[in-house]
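Visitor: I would like to learn how to read some features of a protein model. Could we take them one at a time?

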Amino acid sequence: MAANITIGPIPYHWPAAIKLEFYRRMAEEPAIDEIYLGEVICSKRAPYFDNHLPDVTANLMAAGKTVILSSLAEVMLPRERKATSDLAALDDIELECNNAAALYARGRRPHRIGPFMNAYNEATIAFMADQGATHICLPSELPAPSIAIAAAAARALGLGVEVQVFGRASLAVSARCYHARAHRRTKDNCQFVCEDDPDGMPLTSQNGTPFLRVNGIQTQSESYIDLLAELDDLDKLGITHFRLSPQMVDMAGVARVYRARATRSISIEDAGQQLRALCGATPFSNGFYHGVAGYQSVPDLAAG
Amino acid sequence: MQDRDDVLAELICPAGTPAALRTAVDAGADAVYCGLQNATNARNFPGLNFTPDELAEAVRYAHARGVKVLLALNTYPPAGKVALWREAADLGARLGVDAFIVADMGVADYIARTHPSVRLHLSVQAAASSPEAIRYYCEHFRVKRVVLPRILTIPEIRAIRREIPCEIETFIFGNHGLMVEGRCSLTNYLTGQSTNMDGVCSPASAVEYIRHPDGTMSAMLAGFTIDRFGADDKAGYPTICKGRYQAPHRPEGYYAFEEPISLNLSRLLPDLISAGVHAFKIEGRQRSKSYVRNVVASFRKAVDDIRAGRPANIVDLIALTEGQKETQGAFETKKWR
């Protein structure tokens, strides 16, 4: 059975109208199985969409999608602590924990482990499973040999295992907002300038290479991770969920390409060409998976 | 919760090498922290850290002088390599280290089960920045002390102190990391070596300085220009989060994350003590013996003065940064964020 296709939480500060339209399209797209909702990066953004969440959740569920609410990656301020404990108190919807504060609030009730939780190894996964985790999203920097061992351990414990196969990698988070800093503001006085960059703000090195993207307190890769050519291997390793992280591209189209490749109804070459057509000039990378520098794009060895 | 009179203001000092360890002990450290020569700690740099024999000797030397040894096992084992961290923990327990500094839940769980008599300190690499997150580690692994991320203001630290059942350690001096520790893959993205899994940050093996015909100098990491310096400027080390880059609104190039700057909280020591900080950590396992001697001795005197109710001579501490730019980071004001 082919793995499920999931849509990760939107990392950017898209206006509510854009998010509503985005999720309307996701609901209609048969290639998508599961959708993560909620603000993961910046607690200041959450009020712009929180009151839409119940309707969006209901619409997605009515369309047959599994919906999971993702918790904040960074929890420090009182409003972040409250948002996290409120989320963990919900019993009628799945929760993805991205901070130990969420694990604390959730206790042993079932939950998923998000990519910010650093589930790097079989010992950590076993501990998390013992505490009620039902599903693990592995860190995106984990190389294939470790993915294999982590996935086997998780599967043996009956857990779902997820790997991000598309979209910018999260490379760092900080207490400081780098969007505000770029505009000579502070986090408390940011005026939500991150809304101007719906696919992140590019940082270019002084020899002219764009290589990072700023998204508020988060630093992302310039390249989109693309593991289309590795989906067969991931499937064999027991990965149950392929995560697509939302970018400002036709994500329904991206999902269709990954679905087609996951079900082997299209060649790697054709899938790659279709994905390229959807993503403009943004570079693709799979270096983390292959154990080299993350930005690199290692040619598919199996196809050679 | 502990009472205020438990607060000892311990001085926790870096020991990158056996020589630095003896220097720190002799200069007045209450405890030293060190790591083994492998990926099990977050300063896995060439020429640093301890062999098992050196660690055994270090524990003897420190304990004979009433100084504690804390072993950093604060990286995240990638699946398939967990045994290396367990062996390091077994070794440390056998040699009698006073605490392990851990970040990974699997490593913490193993030590809590296998070596329950050895204290666990939660590394800054675990990024526990709320009372709930800290309590999670305390309740599951019997963590006795948390090293707080360098992102909190003193009022926030004071508030956390009231809500957690363990001691607090904060960094007070040295290199000032910008990203949430334990959540940073910048180095792996550019070099293929991971901070979390390999204990490597902007590794020297990937560094190159290129002098241009106009006299300017590029500091490169794995082929990426991290900064460019004028002919008369001192070229800095190309740490990714301290580089100068261009953004659409900053075409001139700017420090997108932070300037190359040192953390120096010497002015805030009394406030930190009154906020309930139990231990002060000095960064710098990669530093020279003379640096360790100067910094440890100066802070020893300052902490003793404060404990005794005397005004500390902070001028000496401020001078330690030797003309470098320094910051009080997030500790003084949330405007830093």
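Visitor: How many bridges join strand E1 to E2 in chain B, and do the strands run parallel or antiparallel?

Guide: Strands of a sheet pair through backbone hydrogen bonds, either parallel or antiparallel. This is a predicted model. In it, strand E1 (residues 10-14) of chain B is joined to E2(B) by 3 bridges, and the two run parallel. Opposite B:Ala31 in E2(B) stands B:Ile12.

Visitor: Are the faces of strand E2 of chain B covered or open?

Guide: Both faces are covered in strand E2 (residues 31-34) of chain B. B:Ala31 and B:Tyr33 lie on one side, B:Val32 and B:Cys34 on the other, and all are buried.

Visitor: In what order do the strands of the open sheet of 3 strands in chain B come?

Guide: The order is E8-E9-E10 (chain B), with antiparallel pairing. Strand E8 (207-211) and E10 of chain B are the edge strands, each pairing on one side only. On average, neighbouring strands of this sheet are turned by 25° against each other, direction ignored. Strand E9 (residues 217-221) of chain B is joined to E10(B) by 5 bridges. B:Ser218 has B:Arg228 in E10(B) as its bridge partner.

Visitor: Into which domains is chain B divided?

Guide: Domain 1 covers 4-176 + 261-336, and domain 2 covers 198-255. Taken over C-alpha atoms, the centres of these domains of chain B are 29 Å apart. In chain B, 7 residues of domain 1 are in contact with 4 residues of domain 2. The domain 1 side of that contact has 3 nonpolar, 3 polar and 1 charged residues.

Visitor: How many residues of chain B are in contact with chain A?

Guide: 55 residues of chain B are in contact with 58 residues of chain A. Elements of chain B that give two or more residues to this side include H4, helix H5 (131-141) and strand E10 (224-229). By class, the chain B side has 30 nonpolar, 14 polar and 11 charged residues.

Visitor: At what angle do helix H5 of chain A and helix H4 of chain B pack?

Guide: Two packed helices are described by the angle between their axes and the distance between the axes. Helix H5 (residues 122-130) of chain A packs against helix H4 (residues 105-114) of chain B at about 80°, and their axes are 7 Å apart. Because of that angle, H5(A) is roughly perpendicular to H4(B). H5(A) makes the contact through A:Ala123, A:Thr124, A:Phe127 and A:Met128, and H4(B) through B:Met105, B:Gly106, B:Asp109 and B:Tyr110. By class, this contact has 5 nonpolar, 2 polar and 1 charged residues.

Notes: Residues are numbered from 1 along each chain as its sequence is written. Chains are lettered from A and ligands numbered from 1 in the order in which they are written. This is a predicted model: local features need pLDDT of at least 70, side-chain atom pairs count only at pLDDT 80 or more; totals for chains, interfaces and linings use all residues. Axes are lines fitted to C-alpha atoms, for helices over the stretch in contact, and angles run from 0 to 180 degrees between N-to-C directions. Helices (H or I, at least four residues) and strands (E, at least two) are DSSP runs, numbered from the N terminus. Angles under 35 degrees count as roughly parallel, over 145 as roughly antiparallel, 65 to 115 as roughly perpendicular and the rest as oblique. Two residues are in contact if their C-beta atoms, placed from the backbone, lie within 7 Å. Ala, Val, Leu, Ile, Met, Phe, Trp, Tyr, Cys and Pro count as nonpolar, Asp, Glu, Lys and Arg as charged, and the others, Gly among them, as polar. Domain bounds come from an automatic or database domain assignment. A residue is buried if 20 or more other C-beta atoms lie within 10 Å of its own, exposed if 12 or fewer, and partly exposed in between; C-beta atoms are placed from the backbone. Two strands pair if DSSP finds at least two bridges between them.
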